[in-house]
Amino acid sequence: MLSVAEAEKIILDLVKPFAPEVDSEVLPLSQAIARILAEDIISALDFPHWDNSAMDGYAFCYADLEDLAELKLAIAPQEIAAGGKVRQVLAKGECMRIFTGGMLPDGADTVIMQEDTERVGDFLQLKAKPPKGEYVRRKGEFIRAGARLVSSGIKIGATEIGAIASARCQQVKVYRQPKIAIISTGNELVSLESSQPLQAGQIIDSNLYALSALINQAGAIAIPLGAVRDDLQKLETVITQAIAQADLVISTGGVSVGDYDYIDGLLAKLGAEIHGRSVAIKPGKPLTIANFGKVLYFGVAGNPVSAMVSFWRFIQGAIAKLGGANETYWHPQFIQANTTEDLHSQGRRETYLWGVLTYQRGKPIFRPVSNPSSGYSSGNLISAIGTNAIAVMRVHQTYVPADDQVLVMMV
Ligand code: AMP
Ligand code: MG
């Protein structure tokens, strides 16, 4: 049995990220949100494009103040608003009214904000001497033309969209979205689309939906291949199809040690390299980690809760790395929070307990969904409804008392 850290390392080492030349596409910027940039974006412009004012106030030359008996400057007749066309020139001992974003007049190097001044006729009285260069945004101070504005491997968010737009890029090269095939296995499974009444022993193939949702959230494309009976021949056909069309395959069910758990044997027969079969994690112990050449294969447990934990803890990061995202995105996000209740674990495996994370007076608080002493069931997805976080109890950590800190994985 692998530790969680070992499993994560094996998985990430197996992933061969997309090649930017082959596995990419060019999109209009407006469609690139949440995609992974496949090339560095080099700015053709200086930012700011020219010296300009960061405030509504008055621009002047700092050195002019040295010669003055009192802090009083003549106000030039012109005004400079943002977008003002004419380049203004300042005479010695003069200041000029300027508004935020207005281009600094030639000769000026400092702006005083209007609140720190008083107008006396055609003169401006400065209430105090400001520091030299105050409230001036210098040309090229944020970034110079020719420098890298956004790096390849970044997930494009609203900030990046805004910055890329300001650099006049209408299109961006992004990685294609990884294609993830999902196979549900089990004789008990019925498709949600079926109109037949459920027979005794049957359940709806809900994993297909939950996993598709997780895959979409991870920025990938889900290819649902439906539910397959625990039948070697049928499984072989579907797994072969899956490997042929996907970058990564997830099958649920059939990886425990039950009599109908065929997956591992079948993978070996089909020529997969198998790198792990189980992980010291609860829920989610059965986890087959395999690859068919470049195509990764994950066999996760059928229990809906286990399948989701396997995804959050391991598969999500693999998808991020595969899809070209930089290392920031390869691991789940963890924070420390104070638990409202006692948390218990048997301590043999890293144990994941569902709950809700909120903030009270700025402090993260974790409230577990049910009384942990009554136990969590990996089959009970219903109990996880409305949750947004999972407390992680490390191996050997059997008890966290209420009000103490616990590691929390954000989901
Ligand atoms: P297995 O991993 O095949 O032994 O299945 C473990 C449990 O998960 C059983 O109770 C299955 O009925 C349930 N299960 C398996 N596959 C699914 C699925 N696709 N959707 C919902 N529950 C499932
Ligand atoms: Mg099964």
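The side chain of T339 comes within 2.7 Å of the backbone oxygen of E341. T339 belongs to strand 22, which covers residues 333-339, and counts as buried because its relative accessibility is 1%. Beyond neighbours within four places in sequence, T339 contacts several residues, among them F366, P368, V400 and V406. The model discussed here is predicted.

The chain is divided into domain 1 (4-18 + 177-329), domain 2 (24-47 + 142-175), domain 3 (52-137) and domain 4 (334-410). The centres of domain 1 and domain 3, taken over C-alpha atoms, are separated by 65 Å.

A search of the whole structure finds 15 salt bridges. The table lists examples.

| Salt bridge | N to O distance |
|---|---|
| K129 and E66 | 3.6 Å |
| K269 and E236 | 2.8 Å |
| R277 and D264 | 2.9 Å |

K129 and E66 both lie in loops, 63 residues apart: K129 between strand 9 (123-126) and strand 10 (136-137), E66 between strand 4 (57-60) and strand 5 (72-80). K129 is partly exposed at 42% relative accessibility, whereas E66 is exposed at 52%.

K269 in helix 5 (residues 263-269) is paired with E236 in helix 4 (residues 232-245). K269 is exposed, at 59% relative accessible area, while E236 is buried at 18%. R277 in strand 18 (residues 273-278) lies 13 residues from D264 in helix 5. R277 is partly exposed at 47% and D264 is buried at 13%. Elsewhere, D23, R176 and D247 are joined into one network by salt bridges that share partners.

On the surface, L192, L198, I204 and Y209 form a nonpolar patch with about 340 Å² of accessible area together. Y209 lies in helix 3 (residues 206-217) and is partly exposed at 37% relative accessibility.

Key:
Residues numbered from 1 in each chain as written. Chains lettered and ligands numbered in written order. Predicted model: local features only at pLDDT ≥ 70, side-chain atom pairs only at ≥ 80, totals over all residues. Heavy atoms only, no water. Domains from an automatic or database assignment. Patch = residues over 30% accessible without salt bridge, like charges linked within 9 Å, V, L, I, M, F, W, Y side chains within 5 Å. Areas by Shrake-Rupley, 256 points an atom, 1.4 Å probe, with all protein chains shown as cover. Salt bridge = Lys/Arg side-chain N within 4 Å of Asp/Glu carboxyl O. Helix = DSSP H or I, 4+ residues; strand = E, 2+ residues; numbered from the N terminus. Buried < 20%, exposed > 50% of the residue type's maximum accessible area, 1.4 Å probe, protein only. Polar contact = N/O pair within 3.5 Å; in protein donor to acceptor, adjacent residues only side chain to side chain. Contact = heavy atoms within 4.5 Å.
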